[in-house]
Amino acid sequence: ATATAPAAAPRSAELFARARAALPGGVNSPVRAYGSVGGTPRFLVSAHGPYVVDADGREYVDLVCSWGPAILGHAHPAVVDAVQRAAARGLSFGAPTPSETELAEEILRRVPAAERVRLVSTGTEATMTAVRLARGITGRDLIVKFAGCYHGHVDGLLAQAGSGVATLALPGSAGVTAATAAETIVLPYNDLAAVEAAFAERGDRIAAVITEASPANMGVVPPLPGFNAALARIAHAHGALLIQDEVLTGFRVSPAGWWGLEGRAEGWAPDLFAFGKVIGGGLPVAAIAGPAALMDQLAPLGPVYQAGTLSGNPVATAAGLATLRAADAGVYARMDDVAAQLGDAVSAALSAAGVAHGIQRAGSLFSVMFGADAAAGVRDYAGAQAQETYRYAPFFHAMLAGGVNLPPSVFEAWFVSAAHDDAALDRIVAALPAAARAAAAA
Ligand code: PMP
């Protein structure tokens, strides 16, 4: 075997075979199946700080971080303690609990552009509800989304979606009715002329524009300066809403998410936010947030219905609250520093191996894109798809062999945490040269 061949993981292989006989593809979320990188997905049995441990007993520095929630690293003592104490008081009551309000207050304290929060369990529910709310408020049917943005597996938002849809190179999903698909207008990202044209043509029928605050599901493709503000301006000029999806960026890229880096400084806000991931600290919590006048259109006050048996679950909200309370300025500074150092180290290793590439950065989120065109900077999904994607699988497997767990797709961001200390960084840096050579040889 060469250094780039997938390393053996006998116990994971055994578990994967067993899983495939019980779960479609052996997984409960498609990207986990290593579809685009090949080889045996590592079955993880524990995690601590910046590390995950697989069923064969091997430890990896983790750059997936549960796809975003783990900003403090895995099994942070304050979070685990809060969960254990909440669990001992009872798992779910189906009635209001004090910790739901505390979590909502913490979100509103950080994002004062919002006045009310509705808690749900997944990011998908958050964007689905935001879309329904926008339609209920405006009485209109059409939604604008951008190619390469992923907003969860909502029927109307899967067209040209990022994340696993991009990894599997699907145009969208089977099972979405033509009628539903016809209500979504898909535009190229970072293209204001396309947005202006869509509104000029059908502006009186568009309920909302939904966008990732800074896209990270086609790899990282940040908004051009002023893009998001212009979306708000154009939408409002036509009586439509702007839904900013911060499921991934929220409370990760700054104490107030992407809005804290951009909208707050520029003096504007989207109408509705979707949050998830970090606000659950690793348990299922997501949210819709916005001004009272809009949010109060939700039931029980308003006519837009939304509900959930496990919404605001006391154990899950305890995890989210403990995570946000521990996420002080030092946590964000460390994540920024780790991301900057890592991006530079990846770039240096690839350059040394003669691999043309670009490091796409958005706050502490970053991803690598391969090829000379990518080196010039990627601004949209077409650009992300045009990169030399075939270099990623050998790169990924060489990193895995070197003890580093990367996202198993080139169309995903790399996630750091404040627990990534210098020892963890050193391990990543040590694994990079072989991985860069593997990418060069692809
Ligand atoms: N929006 C964005 C921007 C996301 O990254 C994701 C998940 N990666 C979602 C929505 C959907 O969240 P969930 O997987 O919790 O349904």
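Helices (H or I, at least four residues) and strands (E, at least two) are DSSP runs here, numbered from the N terminus. Residue numbers start from 1 along each chain, following the sequence as written. The model is predicted, so local features need pLDDT of at least 70 and side-chain atom pairs count only at pLDDT 80 or more, while totals for chains, interfaces and linings use all residues.

Most residues other than glycine have a negative phi, and most peptide bonds are trans. Gln160 sits in the loop between strand S5 (142–146) and helix H5 (164–167), and its phi is positive, about 45°, although it is not a glycine. Gln160 is also buried, because 22 other C-beta atoms lie within 10 Å; the label "buried" needs 20 or more other C-beta atoms within 10 Å of a residue's own, "exposed" means 12 or fewer, and "partly exposed" is in between, with C-beta atoms placed from the backbone. Trp67 is not a glycine either, and has a positive phi of about 65°. Its place is the loop between strand S3 (59–62) and helix H2 (77–88), and with 21 other C-beta atoms within 10 Å, Trp67 is buried. Then there is a cis peptide bond, with omega at about 15°, joining Ala299 and Pro300. Pro300 belongs to the loop between helix H11 (292–295) and H12.

The shell around the ligand has 16 residues, and Thr122, Gly123, Thr124, Gly152 and Val247 come nearest; to be near, a residue must have its C-beta atom, placed from the backbone, within 6 Å of the molecule or strand in question. Helix H4 (residues 123–138) gives the most to this shell, namely 3 residues. Sorted by class, the shell holds 5 nonpolar, 9 polar and 2 charged residues. For that sorting, Ala, Val, Leu, Ile, Met, Phe, Trp, Tyr, Cys and Pro count as nonpolar, Asp, Glu, Lys and Arg as charged, and the others, Gly among them, as polar.

Lys277 comes with a note from a record: an unreviewed UniProt entry puts "modified residue: N6-(pyridoxal phosphate)lysine" at this position. UniProt positions follow the numbering used here, feature names are shortened, and annotations may be inferred rather than shown by experiment. In the model, Lys277 is in the loop between strand S9 (272–275) and strand S10 (286–290). Lys277 counts as buried because 28 other C-beta atoms lie within 10 Å. Leaving aside residues up to four places away in sequence, Lys277 touches Gly68, Pro69, Gly123, Val247 and Leu248; contact means that the C-beta atoms of two residues, placed from the backbone, lie within 7 Å.

As for helix packing, helix H3 (residues 98–110) and helix H12 (residues 314–326) pack at an angle of about 35°, with axes 9 Å apart. These axes are lines fitted to C-alpha atoms, for helices over the stretch in contact, and the angles run from 0 to 180 degrees between N-to-C directions. H3 and H12 cross in a left-handed way, meaning that the near helix is turned anticlockwise from the far one by less than a right angle; clockwise would be right-handed. On the H3 side, Ser99, Glu100, Glu102, Leu103 and Glu106 meet Pro314, Thr317, Ala318, Gly320, Leu321 and Leu324 of H12. That contact is made up of 5 nonpolar, 3 polar and 3 charged residues.

Helix H16 (residues 392–401) is mostly covered, with 9 of its 10 residues buried. Its cover includes strand S12 (365–370), strand S13 (404–405) and helix H17 (422–441). After H16 comes Gly403, with a positive phi near 90°. In helix H8 (residues 227–237), the buried residues are Asn228, Leu231, Ala232, Ile234 and Ala235. Helix H7 (192–202), strand S7 (206–212), strand S8 (241–246) and helix H10 (263–266) are among the elements covering them. H8 is followed by Gly239, and here too phi is positive, near 75°.

Gln341, in helix H13 (residues 329–352), is partly exposed because it has 16 C-beta neighbours inside 10 Å. Its C-alpha atom is 9.7 Å from that of Val429, 88 residues apart along the chain. Gln385 is part of helix H15 (residues 381–385), and with 16 other C-beta atoms within 10 Å, Gln385 is partly exposed.
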